[in-house]
Amino acid sequence: MKKILIIGGTSGIGRGLVDIYLENGYKVGIVGRRTELLKQIQSTNQNVFTETLDVSNTSKSNDIYNSLISKMNGIDILINCSGWGDINKEFD
């Protein structure tokens, strides 16, 4: 069974990818900042593994990703559908 980790899998494109990969028999790891949505998704399928993380918290990111990858016994694919940044008010 193939294993995929989707960062930002609780909404938008990431959430859509979660459903597609589950329908195709993958084990799916999801990282997101909304714990309740992660629990809801996890309750629908035994092949879902989750961790809560706001990706702007870079000091925790590596530990969270490594924990989830360990729970899944490795991954085959990583998709990052999240990000963060600062607003550049001087940008024209």
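The following legends describe close-up views of a predicted model.

**Figure 1. Confidence of the prediction across the protein.** The protein has a mean pLDDT of 92, with 97% of its residues at 70 or more. Among its elements, strand E1 (residues 3-7) has the highest mean pLDDT, 97. The lowest, 93, belongs to helix H3 (residues 58-71).

Figure 2. Because its relative accessibility is 14%, Thr-50 counts as buried, the cut-off being under 20%. Leaving aside residues up to four places away in sequence, Thr-50 touches Ile-30, Leu-38, Gln-42, Leu-68 and Lys-71. With Gln-42, the side chain of Thr-50 also forms a polar contact of 3.3 Å.

**Figure 3. The aromatic pair of Tyr-21 and Tyr-26.** One aromatic pair is found in a search of the whole structure. The ring centres of Tyr-21 and Tyr-26 lie 4.8 Å apart, and their planes stand at 80 degrees, so the pair is edge-to-face. Tyr-21 is buried, with a relative accessible area of 18%. Tyr-26 likewise counts as buried, at 17% relative accessibility.

**Figure 4. Asn-73 in the loop between H3 and strand E4.** The loop that holds Asn-73 leads from H3 to strand E4 (77-80). Most residues other than glycine have a negative phi. Asn-73, although not a glycine, has a positive phi of about 60 degrees. Its relative accessibility is 63%, so Asn-73 counts as exposed, the cut-off being over 50%.

Terms used. Residues numbered from 1 in each chain as written. Heavy atoms only, no water. Buried < 20%, exposed > 50% of the residue type's maximum accessible area, 1.4 Å probe, protein only. Polar contact = N/O pair within 3.5 Å; in protein donor to acceptor, adjacent residues only side chain to side chain. Contact = heavy atoms within 4.5 Å. pLDDT = per-residue confidence, 0-100. Helix = DSSP H or I, 4+ residues; strand = E, 2+ residues; numbered from the N terminus. Phe/Tyr/Trp six-rings, centres within 6.5 Å; stacked < 30°, edge-to-face > 60°.
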